[in-house]
Amino acid sequence: MTDVSQTPQNAPKTSIHTVDARTKKRNAAERRFKAYGIAAITAGLLVLLVLIGTILSNGLGAFQQTFVTLNVELLESKLDKKGERNLEDIKKVSTFGYAPLLKTAFEEKVAELELETGLKSKDMAAILSKSAAADLRNHVLEDPSRIGTTVEFTFLANSRVDGYLKGRVTRESIANDKKISAAQLDFVDMMVAAGVVKKTFNIDFIIGADASDQRPEAAGIGVAMMGSFFMMLVVLLLALPIGVAASIYLEEFAPKNWITDLIEVNISNLAAVPSIVFGILGLAVFINYMHLPQSAPLVGGLVLTLMTLPTIIISTRASLKAVPPSIRDAALGLGASKMQSVFHHVLPLAAPGILTGTIIGLAQALGETAPLLLIGMIGFIASNAPDSISAGLLSPNSAMPAQIYEWAKRAEPAFYERAWGGIIILLIFLVTMNTIAVILRRRFERRW
Amino acid sequence: MPATWPVSWLVLILLGLSVIGYFLGRQRALASAGGDSRLLHSLPNFYGMNVLLSALIPSAVVLGAWVLIQPMVINSAVSSAIPAEVIAEGSSRDLVMSDVKRVAEGLEIARESGAVTLAEIRALDATQTDIRALLAEVGVALGSDVQPAILKAAQDYRAMSITGSNAMMIIVLLIAIVGFGRSYARTHHEYRARNIVERAVLALLIGAASLAILTTVGIVLSMLFETVNFFGLHDWKDFFFGTVWAPNFRGDSELAIFPLLWGTLYISVVALFVAVPIGLFAAIYLSEYASKAVRGFAKPLLEILAGIPTIVYGLFALVTFGPFLLRMFGDGGVLGVNWMTDARSVATAGIVMGIMLIPFVSSLSDDIINAVPQSLRDGSYGLGATKSETIRQVVLPAALPGIVGAILLAASRAIGETMIVVLGAGAIARLSTNPLDALTTITTRIVSQLTGDGDFASPETLVAFALGLTLFVLTLGLNVLALYIVRKYREQYE
């Protein structure tokens, strides 16, 4: 009999309870390995936290805006010299004609509050947005009978003033700034104390249109939101039926041959093609070849449809596959045709899964930017919300992510704030859509 | 009266006709069976569907094909009719053709606004009327005066477009009515409507499924076509083997892909250096160590990173992370070194892109590690190995092909990523090895070449298609390789 438990002769005799050096090393390696794993998870979660923190801290400011409330006397002598209240005559007075009214309004306000300031009225009026005179003019044109009265009007403050109230602009940071001076900031301080300059919730950011790069304070994401909405409408109306039809064929009817294989390989490859390639396709086919209008949400929707189709097909096939064959067999056994068994029985049972996949696909499409750049959905394009469905589909517009990109490109801190604010809105949409998808899945998906 | 009826009207007419057909067909079938639906071969709805589909499908197919093919035919006909002497030195037939189209569109706008009538357009003579001034009145700006030959071509173009559209209108409507009539006439209680309808539906399903192939063909063809144009204008040797990227919109550009490819690969490698260790260790921890509660909490949170749109990462790189790196490594920074001059750099874009890829690597690897059979682990534990030894020496080698596949997929994502590099990587094409330098990538250049104001037929714009094709081939290769590896690996255990 051989001695199995033979030990080397010069090995020291140790108890099994004392840990030898090698075991210690192995245990340390074990702990190290586990620590790497924990570090990796922590790093990932930390990054997520930093990202969310950055978005919120930079973007929440966009939902508030600084306004200046003044009493403006709409002098008849300036705005309607003839005194006939003829709209055509009033229209002839350009925004330059309104500027002196603003200066006067500031002078009166200062006198009323008995403030001491060395500023000229021109510099006081400079704390307003560049569009202040135009806003006032529109207000007058809306109702010419206002001429001759004194109206209380709320103006947008300049983006520098807005930044000062939000802490983005400081006295140090404006040392070389031509747009605002320290004396003007002192004046703003006084006006804030008097309650004339106030920071309030800004609904125009959510529903308004983009503004030119001189007026970040007036820019809003509302019109771009409409653009995104119409694109998603196109995606939903095209990608859902086509995706479901394709999945039904591949899952239920397709014979196993090389054509089916080719289609399947194609779909899985399309799912991984970079989104910008779809943009090139859209530019070449829809715009250059088919002459669809540039920058139109219809074209954006078509491009995103092609991009979303693989996602929808893959998830639809998974939910069709999850319906047990016994359902099909039962239908066939009762005399239904193959087509009837699929459309009357399998498809309704797979519907929650299909819906979930579609919502996730839509959410993906909603956040996609790169293809939209190529089909021209960037730049300062839409200043008005579309007034009809066909205008919504065909007239130039932007989309939320493209609008965010546009603001990011303007390289001005006030626009960065808008961009982050836009991201908050975009993320709210995405989170809502994904939550709906999760709820749908939890509630309706059947386990067989 | 418009010169042509808009296509949307035609579509509405077709839809209306088919809906009417549905009800008429259904009624006729029931009537032929004396109102007793048991005598019908198929359910009444099938008879309705039969008329609906026969009216709609053939006409819609012809309509779609016509809309696609007509511009091509007219284009080539008009383009070949342009006399060679009109094409100026340094210009091309395509450029002249785009002038022709602009004039034709301008005439259409002028007609819509009432500045001219149809008959006047036909009678226009460039030697007598100043077309440029006429079109400028209605807001169409032309670069130069209109030559008689171009006006003639534009008139032909318009005439052919109008004739084509009218012919399409008539033919499509005829097809719809014939389809309607034929199927309606055939409707009878013994007619096998169900078989016909189901065959048609199957054909529709097949059509939807082949759209995937059509998309791929569209991608390849559209890019290939323009790439061939590009190589006609620019030396292909410079594109593939040159080392300088210096587009110049006045012509004479050097357009080599190498500096862009270098930037793309460099940034992707940096991204993978961030994403692979973190993603892989996260996957290992989640699948092998974590309790159910930790897994249920950490996994969805990590996957949020994948759901965040790339524009958010781009902005993060541009506004937050880039300036942070600059404060660290830039002139007068925290570390007291001057290695960085611009907030946009390889490291900025690479690291942020790496963050985006973490969940991509981790969830794919997680699936693959979970697919390794438990028996392998149990065997290893039985031999006395610790958990980490089992993972390193048994689980990971078994999962290696799948993990490699996951990494390749992540690499393909990194190469094709656009928004992060557009905002975070800079625009300087050079062959720098310093990760804190700004470099540019293929996707960045595609965006800037195609969103500029350049002429569409110039090599500086067309190069974007060659770049796109390269990108497509590159990512396709990686994807196919990754799928091949993953599939081969899966066969081992299932």
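**Figure 1. One salt bridge is found across the interface of chain B and chain A.** In this predicted model, 80 residues of chain B are in contact with 73 residues of chain A. The two chains bury about 6,500 Å² between them, and 80% of that area is on carbon and sulfur atoms. The salt bridge joins A:Arg26 to B:Glu389, with the closest N and O atoms 2.8 Å apart. Over all chains, the count comes to 24 salt bridges. The pair shown here crosses between chains, running from helix H1 (residues 21-59) of chain A, which holds A:Arg26, to helix H14 (residues 387-416) of chain B, which holds B:Glu389. A:Arg26 is partly exposed, at a relative accessible area of 23%, whereas B:Glu389 counts as buried at 15% relative accessibility.

**Figure 2. Helix H10 of chain A crosses helix H7 of chain B at roughly 105°.** On the side of H10(A), the contact involves A:Ile242, A:Ala245, A:Ala246, A:Ile248, A:Tyr249, A:Leu250 and A:Phe253. These residues meet B:Leu202, B:Leu205, B:Ile206, B:Ala208, B:Ala209 and B:Leu211 in H7(B). The residues of this contact comprise 13 nonpolar, no polar and no charged.

**Figure 3. A salt bridge links A:Glu412 with A:Arg160.** The side chains of the two residues meet at 3.5 Å, N to O. A:Glu412 is placed in the loop between helix H18 (400-409) and helix H19 (413-444) of chain A, and A:Arg160 in helix H7 (residues 159-166) of chain A, so the pair ties together parts that are 252 residues apart in sequence. A:Glu412 is buried, with a relative accessible area of 15%. A:Arg160 is buried, with a relative accessible area of 15%.

**Figure 4. In chain B, a salt bridge is formed by the side chains of B:Arg295 and B:Asp366.** The N to O distance is 3.3 Å. Because B:Arg295 lies in helix H10 (residues 292-307) of chain B and B:Asp366 in helix H12 (residues 346-371) of chain B, the pair ties together parts that are 71 residues apart in sequence. B:Arg295 counts as partly exposed, at 24% relative accessibility, while B:Asp366 is buried, with a relative accessible area of 1%.

**Figure 5. A network of salt bridges in chain A joins A:Asp162, A:Lys166, A:Arg168 and A:Glu417.** These residues belong to one network through salt bridges that share partners.

Figure 6. With a relative accessibility of 3%, A:Asn202 counts as buried. Apart from its neighbours within four places in sequence, A:Asn202 is in contact with A:Ala62, A:Phe63, A:Gln64, A:Gln65, A:Phe67 and A:Arg418.

**Figure 7. A:Ser295 has a positive phi, near 65°.** Most residues other than glycine have a negative phi. A:Ser295 is located in the loop between helix H12 (275-289) and helix H13 (297-322) of chain A. This serine counts as buried because its relative accessibility, 9%, falls under the 20% limit.

Notes. Residues are numbered from 1 along each chain as its sequence is written. Chains are lettered from A and ligands numbered from 1 in the order in which they are written. This is a predicted model: local features need pLDDT of at least 70, side-chain atom pairs count only at pLDDT 80 or more; totals for chains, interfaces and linings use all residues. Side-chain values use heavy atoms; hydrogens and water are left out. Buried means under 20% relative accessible area, exposed over 50%, partly exposed in between (1.4 Å probe, protein chains only). Contact means heavy atoms within 4.5 Å. Axes are lines fitted to C-alpha atoms, for helices over the stretch in contact, and angles run from 0 to 180 degrees between N-to-C directions. Helices (H or I, at least four residues) and strands (E, at least two) are DSSP runs, numbered from the N terminus. Ala, Val, Leu, Ile, Met, Phe, Trp, Tyr, Cys and Pro count as nonpolar, Asp, Glu, Lys and Arg as charged, and the others, Gly among them, as polar. Buried area is the accessible area (1.4 Å probe) that two parts lose on being put together, summed over both. A salt bridge is a side-chain nitrogen of Lys or Arg within 4 Å of a carboxyl oxygen of Asp or Glu.
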